Amino acid sequence: MNEYILSCCSTADLSEAHFRSRSISYICFHYELDGVQYLDDLGRSMPFDRFYDAMTGGADTRTSQINVEEYTTYFEPFLQEGKDILHLSLSSGISGSINSAMVAGNTLLERYPDRKIYIVDSLAASSGYGLLMDRLADLRDAGQSLEEVHAWALANRLKLNHWFFSTDLTFYIKGGRISRASGFIGGMLSICPLLNVNHLGQLIPRYKIRTKRRVIQAVVDKMEECIEEGRAYSGKCYISNSACGEDARAVADLIEERFPHLDGRVLINSIGTTIGSHTGPGTVAVFFWGRERVD
């Protein structure tokens, strides 16, 4: 059986050490900060605190997708080494980068007809995408084949649940996810929207909850509601946050108290610079395995 590569994008928002420890390869998105282009390289070229401080200070951010040439350059060395590839892309409901990955993959298969390249839409984002990759690494390490892991990803990706909230609506308004009128009223009333990612991998506002204290409780309540095992849940839970570590820790403490059988402690990561360019500071996202997303 040929060795194969598990691959994703930097938007899976795990640390470089985490990717390396699980033998997961990744390709970097890129973004602009006040007209200067950077790689979304897990905080190496732009530390996360500096990035979010710049946004708070009014810096302009833009993101761009990974193009076909970049994917080709990234994939080809693996094929030259005789390795097959399973690549999961950032949700197509958020980015069109999967299209470039598929074009690159198809082009390379013409050059390397004996190799296999599977491109999968993760329908996930941030550390939820990372949690999915982590599970695939578990399956690979347990001896499952490329085909088996590929099939599992397709069959189970919608069981990965995302729930998140923001205490700062500025960048949700700027990106058009929340109207200016709703954002103004929300700010006046201290409303923190609770959102999730639907079955199409799109970010959807679900509830308007007043005060940070209540939305922290609400996101943990949603976790319990969406997990089939309830408080007996024994899977992993990841959290990502954008420059609001205290809020993330408060959510993690509640989760660890309510779900005492978790597989390890809640892992808290930073929302990276690509996704953070759209959320801005003040977002906390919770990711776990639960019932399949159907809307």
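Helix 4 (residues 97–111) has 15 residues and, at 1.5 Å a residue, should span 21 Å, which agrees with the 22 Å between its end C-alpha atoms; the expected span is 1.5 Å times one less than the number of residues. Helices (H or I, at least four residues) and strands (E, at least two) are DSSP runs numbered from the N terminus. The model is predicted, so local features need pLDDT of at least 70 and side-chain atom pairs pLDDT 80 or more, while totals for chains, interfaces and linings use all residues. Residues are numbered from 1 along each chain as its sequence is written, and side-chain values use heavy atoms, without hydrogens and water.

Buried residues (under 20% relative accessible area; exposed is over 50%, partly exposed in between; 1.4 Å probe, protein chains only) in helix 4 are S97, I98, S100, A101, A104, G105 and L108. They cover an arc of only 155° around the axis, which puts them on the same side of helix 4; the arc is taken from the directions from the helix axis to the C-beta atoms. These buried residues pack against helix 3 (68–80), strand 6 (84–89) and strand 7 (117–121).

Beyond its neighbours within four places in sequence, V251 is in contact (heavy atoms within 4.5 Å) with F165, I216, V219, V220, I239, V284 and V286.

A232 lies in the loop between helix 9 (212–226) and strand 11 (237–241) and, at 45% relative accessibility, counts as partly exposed.
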